[in-house]
Amino acid sequence: VDSVDLAYHDPPKEISALAQGGEPAAVHTMRLHYHHALYHELEDPWGAGSRSEAADPLPPPDLIWLSNPGIGHPHLAEQWAPSLERALQTGIPLVLTSHSAADAARDVEALGACQHAVEWLHPPQPNPFKSLKLTPDPLSQVGAGAGGEGEAAQSGMVQANYGWMGLRGIS
């Protein structure tokens, strides 16, 4: 399956509006599309070139979400660079999460090295909904700090979605 279309609505309001001679409640649609490729490898992701000629082109997303991408990670930054540039080029807001304060700082540094200027919509900060599960930081050695805060940093452990930031590329 490469796409899923979801429609949701609140039937009680729809039935109530119809009973009173009004219009039915709006139906909201969410489209999820899966592409097995790196973002920069997609050809015209929101134009007719990305789907069959018979299908409607995909509308641009309202948001690009990157969960713990590691765009500034020493072993991943080079791979992320072309996809990050393309995402910033769109001007579509991006939300990134990070494993630790150090991971977020690396991501901010990587964003600063991009060709496109960045407008901060939400500066990096701890996520109140972060995972409570601690996992070993792949960059730390046993006993080395992970660069986070408190006990997690002391033990070389990180947390999924520890922090988050919102931004978009500007020309």
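Gly163 is found in strand β8, which covers residues 163-170; helices (H or I, at least four residues) and strands (E, at least two) are DSSP runs, numbered from the N terminus. The model is a predicted one, in which local features need pLDDT of at least 70, side-chain atom pairs count only at pLDDT 80 or more, and totals for chains, interfaces and linings use all residues. Residues are numbered from 1 along each chain as its sequence is written, and side-chain values use heavy atoms, with hydrogens and water left out.

Gly163 has a relative accessible area of 3% and is therefore buried, a term that means under 20% relative accessible area, with exposed over 50% and partly exposed in between (1.4 Å probe, protein chains only). Leaving aside residues up to four places away in sequence, Gly163 touches Leu96, Thr97, Ser98, Gln125, Pro126 and Asn127, where contact means heavy atoms within 4.5 Å. His99 is 64 residues from Gly163 along the chain, yet their C-alpha atoms are separated by 6.8 Å.

For the chain as a whole, the secondary structure comes to 4 helices and 8 strands. Read from the N terminus, the order of elements is β-α-β-β-α-β-α-β-β-α-β-β. Of the 171 residues, 27% count as buried. Among contacts with a separation of 6 or more, 68% join residues 24 or more positions apart.

Turning to the second largest pocket, its space is about 150 Å³. On a 1 Å grid over the protein atoms alone, a cavity is a set of points where a 1.4 Å probe fits but cannot get out, whereas a pocket is an open set with protein on both sides within 12 Å along at least five of seven lines; lining residues have an atom within 4 Å of a point. Grid points are joined across faces, edges and corners, and a volume is the space filled by probe spheres set on the points. Helices α2 (77-90) and α3 (101-112) each supply at least two lining residues, and α2 gives the most, with 6. The lining of this pocket includes Trp80, Leu84, Arg106 and Cys114.

His73 lies in the loop between β3 (64-66) and α2, and is buried because its relative accessible area is 14%.
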